[in-house]
Structures are given as C-alpha cells and as structure tokens.
Amino acid sequence: MQDPTPTILCGDATAVLSTLDDSSVHAVVTDPPYGLDAAGKMLGQISAGYHLSETHSRGYADNDAEAYQEWCGTWARECLRVLKPGGHLIAFGGTRTIHRLTVAVEDAGFEIRDELVWLYGSGVPKGLNLTDDDGRRTGWGTTLKPAHEPAVLARKPLAGTVAQAHVEHGTGAMNLGACMVEQKDGTPRWPANVVIDDAVADLLADASRFFFVAKPGSRERPVVDGVRHPTVKPLSLMRELVRLVTPPGGVVLDPFAGSGTTLEASLIEGMQAVGIERDSTFLPLIRARVARAFESIRTDAA
Ligand SMILES: C[S@@+](CC[C@H](N)C(=O)[O-])C[C@H]1O[C@@H](n2cnc3c(N)ncnc32)[C@H](O)[C@@H]1O
C-alpha cells in the first residue's frame with residue numbers, strides 16, 4: 001500500500017521542482033498566478049511595466065506580458081521533466097494572459113491538447129466606469145463581467161503509443177469513464193471541455209445535463225488563525241480534473257498549491273499528492289485541507 005501522506009514543500013516553484021526526480025509524477029494540475037496583480041505580488045517578482053487603469057487599456061494587469069510568459073516557461077519546463085511520458089498538465093490562466101501561458105507550455109515541449117473552460121455566475125466586473133460631471137455613470141466602461149476561467153490541457157510527448165503509455169505509466173489517455181456526466185435518467189454523457197457552476201447550470205437548465213457541475217461551497221474555504229486564501233478553486237472542480245488526468249493511485253503535482261485544494265481533491269480521489277507553495281502563511285491552510293481529506297476518507301470507510 002502506498003503512503004497516502006502528501007508531500008508539502010515550501011519555496012519557489014521552479015527551484016523546488018528542480019529537486020524532484022525525472023518522470024516521477026503522473027499529472028500536474030495547477031492554478032498558477034495569472035500575471036494580473038498590480039505589484040506582481042502573486043507572481044513572485046516585481047512588475048517591470050505596471051500602468052494605471054486610467055491611462056492603460058490593460059488596466060490593472062501586470063502589463064509585463066513577456067516576463068510572465070518567460071516565467072511560465074521556467075516552471076513548465078520543470079513540470080515536463082518531472083512528468084512521466086504521456087502525463088497531462090492542466091493549468092488555469094486568466095482570460096487576458098492565458099495565451100502567454102499556453103505558448104510557454106507549448107514552447108516548454110508539451111503538446112497542447114485542449115482548452116478547458118470553467119463557467120461561473122459569481123464574477124464581479126472590476127473595470128473603470130466613466131462618469132459625467134455629476135458623477136453619474138455614462139454606460140461607458142472598460143471591462144465585462146468575468147464569467148469564465150480557462151485552463152490549458154497539455155500532454156508530455158509519448159515515448160511510444162498511447163496504449164503503451166497507458167500500460168506502462170497509466171498516462172497518455174484521460175480517464176473519461178470516471179468523469180461521465182450522469183443525466184437524471186442515469187444515462188452517462190461524454191465529459192465536455194466546459195465545467196459550469198450551479199448558477200450557470202440553473203440558467204442553462206436542460207443543457208446542463210451535458211456538463212459537469214462544480215459546486216463551489218463558501219464553507220469549504222479553510223481559515224486558520226484568521227488566514228484565508230484569496231483565490232480558492234472549488235473542491236469539486238479540482239476533484240473532477242485530477243480524476244480526469246490521473247490513474248487511480250497515481251501522483252498529482254501542484255506547484256502553486258495556494259490553500260491546497262488540489263491536494264485535498266487528490267487525496268479524496270485516492271491519489272498521492274505533491275504540493276509546492278512559496279508563501280509559508282498558506283501552509284496551515286494546506287495542512288487543514290489534508291486533515292479534512294483524511295477525515296472524509298475515514299468517515300466514508302466507516
Ligand atoms: C492562484 S493561487 C492557487 C490557489 C489554489 N488553486 C487554491 O484553490 O487554493 C496561486 C498560488 O501560487 C503561489 N505562488 C506565487 N508565486 C509562486 C512561486 N514562484 N512559487 C510557488 N508558489 C507561488 C501564491 O502564493 C498562491 O498561493
């Protein structure tokens with residue numbers, strides 16, 4: 001029986017990744033910084049070209065797109081090395097920077113397989129709204145309501161055929177059978193490259209039977225000693241993604257663990273997990289998620 005205790009490593013993703021063995025993980029499922037933070041804070045570097053929203057069309061975006069792409073390349077190359085041949089990588093990105101992330105992943109040597117979309121109803125527009133002399137909105141503004149987050153789905157090149165990679169490493173193909181969307185009458189539907197949340201499912205009504213519905217419960221966000229993470233993904237979304245690209249019992253790596261959602265998802269799905277997070281203030285959140293995952297596994301087994 002494999003040791004289910006996850007590995008939690010604190011440090012810069014690229015530096016820590018360089019200490020991991022070649023071909024040692026089955027899948028990388030991650031949510032790296034999107035390169036949108038004004039001060040480059042979440043990127044682990046100081047932005048060279050930040051511009052104010054009043055004067056720049058890209059608003060509060062980091063505006064240092066080439067540096068972001070270069071940075072994505074540094075960790076993507078390491079992910080390629082530590083993945084087994086045919087292993088998949090899923091990495092979320094921002095709608096304004098996903099193209100840079102995707103090119104970096106491709107240039108690192110991955111094969112781009114698809115783009116996934118997570119549709120949600122809870123986004124709040126944060127752009128500039130022009131006002132008249134009386135301070136009333138004129139109806140002219142700079143951003144739409146955010147309603148989706150894309151993710152690149154890529155694969156490390158195979159060493160032979162898909163079937164050989166599947167037999168030898170449990171990689172190459174996706175576990176579509178474990179991700180079928182069950183309709184009300186029990187009929188399974190092929191998993192789509194779109195995931196929706198409850199609000200969108202209500203809007204789509206009938207069409208939602210084609211898509212996996214992620215239920216983002218606010219109660220699932222861990223808080224330890226007043227510390228919470230600002231950009232938490234829904235647990236059900238991450239469970240679906242790790243199940244899709246990891247063989248049962250395989251190793252999932254998240255180089256940007258944040259509060260540890262991918263680790264919690266992997267453990268509940270019966271996989272092993274390796275997480276890297278640079279900011280040590282988030283480590284208690286990751287440990288809380290790991291403890292919760294073991295608790296839910298124990299409860300299910302009882
Ligand atoms: C978008 S958040 C991930 C959130 C996570 N998906 C969750 O649900 O909690 C990205 C994380 O990457 C971390 N990070 C930023 N730069 C990093 C770096 N160079 N190396 C490792 N982690 C980094 C940030 O501290 C942040 O917690």
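**Notebook: sheet, helices and ligand site**

I began with helix α8 (residues 283–301), which lies across β1 and β13 and runs at about 175° to β1. For angles I used axes fitted to C-alpha atoms, for helices over the stretch in contact, taken from 0 to 180 degrees between N-to-C directions. Helices (H or I, at least four residues) and strands (E, at least two) are DSSP runs, numbered from the N terminus.

A note on the source: this is a predicted model, where local features need pLDDT of at least 70, side-chain atom pairs count only at pLDDT 80 or more, and totals for chains, interfaces and linings use all residues. Residues are numbered from 1 along each chain as its sequence is written, and side-chain values use heavy atoms, leaving out hydrogens and water.

Next I traced the sheet: it is open and mixed, with nine strands in the order β1-β13-β12-β2-β3-β7-β4-β10-β11. Pairing here takes at least two DSSP bridges between two strands. β1 (7–10) and β11 (212–214) are the edges; each has a single partner strand, so one side of each lacks a neighbour in the sheet. The twist averages 20° from one strand to the next.

I then looked at β3 (residues 83–92) and β7 (residues 148–155), which pair antiparallel over five bridges. Ala91 sits opposite Val152 in β7.

A polar side-chain atom of His229 is 2.7 Å from a ligand oxygen. For Lys233, a polar backbone atom lies 2.9 Å from an oxygen of the ligand. I also found a side-chain N or O atom of Glu277 at 2.6 Å from a ligand oxygen.

Definitions and conventions
Polar contact = N/O pair within 3.5 Å; in protein donor to acceptor, adjacent residues only side chain to side chain. Contact = heavy atoms within 4.5 Å.
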